[in-house]
Amino acid sequence: MAHPLPRAAAFAVSLLLLSSSGEAFFDIFNIFRPRSDSDYFQNAFDGSREPLPPTQTEHEERGAAPATATGLTRVPSSGPPSKAAADTVELAADKGGGHIGEWTIVSENSGVSAMHMAIMRDGRAIMFDTSTTGRSLMRLPQDNCRIDPRAKGKQEGTMDCWAHSVEFDYNSGCLRALKILTDTWCSSGAFDADGNLVQTGGYFEGEKVVRVIAPCDTCDWLEHPNSFAEGRWYATQQVLPDGRFIVFGGRRAFSYELVPLPGRTNDKANYLPFLRETTDDAENNLYPFVNLLPSGNLFLFANDRSVIFDHKAGKILRELPRLPGGSRNYPASAMSALLPLDLRNVTGDPDPVVIVCGGALKTAFRFGENNTFQPALRDCNRINLANNPGEPAQWESEDMPVGRVMGDMLILPTGNLLLLNGAAKGCSGWGFARQPVLTPVLYSPRKDKGSRFRALASSTIARMYHSTSAVLPDATVLVAGGNTNTAYNFSGVDFPTEVRVERFCPPYLSKELAGNRPEIDPASVAADGMRYGSPFTLRFHVPPSEAVGQGDVKVTVYAPPFTTHGYSMNQRLLILSVAAFAEEDGRRYAVTVDAPGKPELAPRGYYLVFVVVKGVPGLGVWVRIH
């Protein structure tokens, strides 16, 4: 009598039979092998063409400036919207809560499509794309071109004279071309203690590079090649309490590394099994969500799992409950943030609460390869990470007004969150999503469950894959980018490359509330900044209106993030404790707050300090916390 095969052997046989059958088969081992960038170009082509990455070419759409032009070139004309582009989701604005906000166009042409964006402390935004998509709409000066390391079919030393990064003055709309030497495709970043943008990883020749740009009128990118032991493509960068940076993950990089000093090279990476365990056939654990907790430990979220990680000891301290329903990281691309840390009326550390909203089914990417677009996830989930004995952490869930994938989540100066951009179907990837969601949603975390969401005024511009947004010092929101194509295409595609830049004014900036808008006296802001655990005093005034009392005033500090692919790395907002408040004369006030007590709450660096009066923030001022 024949004995049955052991279960493991039977499974192995079945895998071999499936792999030779010609049927669709998920190669369980393939996700750990090197994989070409053509994976993410699949839907940019119809079924008759092989999905290869775009070659860099000097061809440009008809209507743009000639190749001999210098500086900004014209945006090519686009035809009527396609059926897919016209199929949008626009929610009815909730006017019951008052003003619904408004949209304006800041610029018709940013020169590059902003795949990545960060706000510098000199009144400008740094925007950059990838060199993979070829020519942009901004030319570098002829004497400042870069050598193109991937100019196929061309002689060695072929120059790329197109800018892939710009400095954008969000007040005037002026642009300055910046020169990136290596490919920044799907990279990461954060600000150091001096306000410099430290930017890491990317693709091909850029995957192990660290780049730095300082805030000044003539500064440009400085690059440090071969900094990392492993390539960091779709990785996440987090600032630590001591000012160093740690970078997690990336495609086929199941590890983490500290960012080395300029000119240094890491000998090896630190293997993290959690990142390998959370990958799948679609790699739904890229751009993991990382947050610094008041304890100094890190919250890591990848795919549908999360842990508390001790970066000093290199070990996981606590595994948290799995978040069911689908995947949350790229390419499933949910939105996530650490909710504001409220330092008022607390002894010890405030409870850290993380929120994760939207995302996609685990199968969304595979379905997208066949031009089938599954509905985005609609749930919005938060978890209290305080380690309270007898109170295990649990996810609390509720539904958003609409499902959303590839959206952005920004913390406003008031402590509310703004959910914007993205799509209602599909997932991240070139051509992998449909139904742009045009309506931003305000989320009020302090309200009761069931009353936290409010639909605001809709934009008219679809912000799909590779769009970005950022909170500005005047408490408005800058919105840019969007390119679902493998090159800068403005016609003959469902979603043309987007180079327009918008500004969204949240409801708190309505004319009806202008009487509450405070204005900080810059001369009252201490030149040496805010010191840990010390009192910090500033003065402000409000227009003639009703009297302002201490209970009407809130002071918040905001860490400007680095935003790409729907995730704002290192974003955090703290609500400071008011120690003293006094009316001086004629609607002028002095307020003293207690600075954060330690770098685990607010790592050293430049923050935007906002005074909020009766729910209305004034113009923020840059203050160094140290």
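Strands S12 and S13 (residues 245-248) run antiparallel and are joined by 4 bridges. Strands here are DSSP runs of E of at least two residues, and helices are runs of H or I of at least four, numbered from the N terminus. This is a predicted model: local features need pLDDT of at least 70, side-chain atom pairs count only at pLDDT 80 or more, and totals for chains, interfaces and linings use all residues. Residues are numbered from 1 along each chain as its sequence is written, and side-chain values use heavy atoms, with hydrogens and water left out.

**The S12-S15 sheet**
- Four strands form an open antiparallel sheet in the order S12-S13-S14-S15. Two strands pair if DSSP finds at least two bridges between them.
- Its edge strands are S12 (236-239) and S15 (270-271), each pairing on one side only.
- Val239 has Phe245 in S13 as its bridge partner.

**The whole chain**
- The chain has 4 helices and 44 strands.
- Of its 626 residues, 61% count as buried. Buried means under 20% relative accessible area, exposed over 50%, and partly exposed in between (1.4 Å probe, protein chains only).
- Among contacts between residues at least 6 apart in sequence, 65% join residues at least 24 apart. A contact means heavy atoms within 4.5 Å.

**Disulfides**
- The chain has 3 disulfides, each defined as a pair of cysteine sulfur atoms within 2.5 Å.
- Cys145 and Cys161 are joined with an S to S distance of 2.0 Å. The pair links distant parts of the chain, 16 residues apart: Cys145 is in the loop between S3 (124-128) and S4 (146-147), Cys161 in the loop between S5 (159-160) and S6 (165-169). Both cysteines are buried.
- Cys216 and Cys219 are joined at 1.9 Å, S to S. This link is right-handed, with 115° about the S-S bond. Cys216 is partly exposed at 24% relative accessibility, whereas Cys219 is buried at 17%.
- Cys357 and Cys380 form a disulfide with sulfur atoms 1.9 Å apart. Cys357 lies in strand S22 (residues 353-357) and Cys380 in strand S23 (residues 379-384).

**Arg503**
- Arg503 sits in strand S33 (residues 501-505). It is buried, with a relative accessible area of 12%.
- A polar atom of the Arg503 side chain lies 2.6 Å from the backbone oxygen of Tyr170.

Key:
Polar contact = N/O pair within 3.5 Å; in protein donor to acceptor, adjacent residues only side chain to side chain.
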